[in-house]
Amino acid sequence: MKQHSTPSKCEYFDILPAGIICIRPDYTVACWNRTVAEWTGISKKEIVGHDLRERFPHLKDRRYGIRIQQVIDGGPAALFSTQFHPHFIYAPLQQGGQRYQRTSVHFFRENEERFALFVIDDVTELVSQVHGFREMKNRALHEVEERKRTEDALRKANRQLKLLTGITRHDILNSVAIAVGYLDLMDGSSESEKETYMERIRQTLEKIQHQIRFTSTYEILGTNEPVWQRIETLVTSPGAPDRIRIQISGLDVEILADPMLGKVFDNLLDNTIRHGGKNVSMVEVDGEVLGDEFLLTWKDDGTGIDPADKGRIFERGYGKNTGLGLFMIREILSITGITIEETGETGEGARFKIHVPPGKWRAPTGV
Amino acid sequence: MKIDEDSSDAIRELINIGVGRAAGLLNEMTGTHIRLNVPEVHFVEFSDLLHDTCLLESDRLSAVTLRFSGAFSGISMLIFPPESAALLITTLTGEEIDEPELDALRVETLNEVGNIVNNAVMGSIMNVLNEHLTYSMPTYLEGDITQILDTGRAGSYQWVILAISKFILEDLDIIGNILMIFEIGALDTLLERLHETTVNIR
């Protein structure tokens, strides 16, 4: 143990609520106040005159050594934050665990002798409060996020419900009006006319049946959370007739979309079969990454779309059959911000381009 | 005051050495791989500082300041836009949060990062000059640049060394500004001392 004079300020340090340690340039302890003695269980007697690093060997580490040396050399104070140095010196708590500390090291000179003064604050309570606040804030943020998601889902479900109710009411009422019209015409008409009207009524009833089936198929649209779906599996699953060959490439991706995404490809195939003409024999489905987006192209070798129809094919009720297939494709895709357009040349087949924005597509998980 | 090329090169070099040391220390402390470079060092008059530097335009900046006095007096400070500061701290501490923001603990951590950078830069200059200055306690300040600089005292400031430093960490590229603001005559004294030291070394 080295013999030195004690700095005159040492006795004042005992009344401070912070831990105070004062060392000489060779790290021998000159002052060790009452607070730090209580925290560590090491009395003044045991440590004053001894190298501080004997009790706290981590202070030999360069991370501390360089900065403390700069202070001893007369440099600016060094700060040691709680996040990087939570336990500057070992100071156990009665209930277990250690005190969180915030430490600063300052230079002072007395009688031509240089000292480094460590001021250690116990910030255990502050740390616990900040952690509590962070947890509370995170919980609140998650709850807001959850609420937003629920509201969004509710809004979408409501929109779909309105849409389908609209389709059902409007289209079925139209069909019923047509059937009633034919029934009126049957009064006083000939047998052969009656047969024709009966056939029309039967067709109208079939249409109503189809419309009711359609709404039951799509009533769940938008009511479930979007999910990641592998495109390759969805495109290859629809049962195409033997005369149509489906060729795919670049579809090894997953898309975040409404669980009804499979219906998009069913409807595109149905569109090709119904409207591609009798010579349609091939569908090519290609995927490629274009900048941030993923572009999926559905192309057939049928007759293509008439230029007069191009601008309206995605509108509800427009088309040769129910007029709902392409409309529903657009609705399903739009739930997650995916868009669709038709870019084919008449006479050379239909070509649908599906644009999947960034964040809504990814490489398959596990690949 | 005309600052010749040799003096400006010497200052640039000393700041470079300082930030290099600061980066080394931060890497050892945090176990991250942070790079800190000083691509640009400018000498500007204090009165022009508020108009010339768009980097300080934010109305909420985070600054860690260190006042020094002695043979030459002034303030050394490291300034960030607060969102960059929060991002830097959460990345350095390895926290995973969606929206970084500064709370009491992160402010204290930023204060330590600023303390390391300020001390390293001051240390690098003072080592060469073999001078001793008196330093105030490092302080964390938040506000626009006029609030941080305490423009009430602006009359006593003359020259500013502005070092625009990039904190390069993982995919982040955060700009931090190191400002050394000198009181009237202080930069002249610093440059004279530097000149004398260089002559003596030669």
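Two bridges join strand E2 of chain B to strand E4 (residues 134–135) of chain B, and these strands run antiparallel. Two strands count as paired if DSSP finds at least two bridges between them. Across this pairing, B:Phe68 stands opposite B:Tyr135 in E4(B).

This is a predicted model, in which local features need pLDDT of at least 70, side-chain atom pairs count only at pLDDT 80 or more, and totals for chains, interfaces and linings use all residues. Residues are numbered from 1 along each chain as its sequence is written, chains are lettered from A and ligands numbered from 1 in the order in which they are written, and side-chain values use heavy atoms, without hydrogens and water.

**Strand E2 of chain B**

E2(B) spans residues 61–69. The strand is mostly covered, with seven of its nine residues buried. Buried means under 20% relative accessible area; exposed means over 50%, and partly exposed lies in between (1.4 Å probe, protein chains only).

E2(B) also pairs with strand E3 (residues 74–80) of chain B, antiparallel, over seven bridges. The two strands form a hairpin with four residues between them. In that turn, B:Gly70 has a positive phi of about 150°. Strand E5 (residues 139–143) of chain B is joined to E2(B) by five bridges, again antiparallel.

What does B:Thr65 face in E3(B)? B:Met77 stands opposite B:Thr65 there. In E5(B), the bridge partner of B:Thr65 is B:Thr139.

**Cysteines of chain A**

The structure holds one disulfide over all chains. A disulfide is a pair of cysteine sulfur atoms within 2.5 Å. A:Cys10 and A:Cys31 form the bond, with their sulfur atoms 1.5 Å apart. The S-S torsion of A:Cys10 and A:Cys31 is about -65°, so the disulfide is left-handed. The pair links distant parts of the chain, 21 residues apart: A:Cys10 lies in helix H1 (residues 10–13) of chain A, and A:Cys31 in strand E2 (residues 29–32) of chain A.

A:Cys22 is in no disulfide. Its nearest cysteine sulfur, that of A:Cys31, is 4.1 Å away. How covered are these cysteines? The table gives their relative accessible areas.

| Residue | Relative accessible area | State |
|---|---|---|
| A:Cys10 | 12% | buried |
| A:Cys31 | 2% | buried |
| A:Cys22 | 0% | buried |
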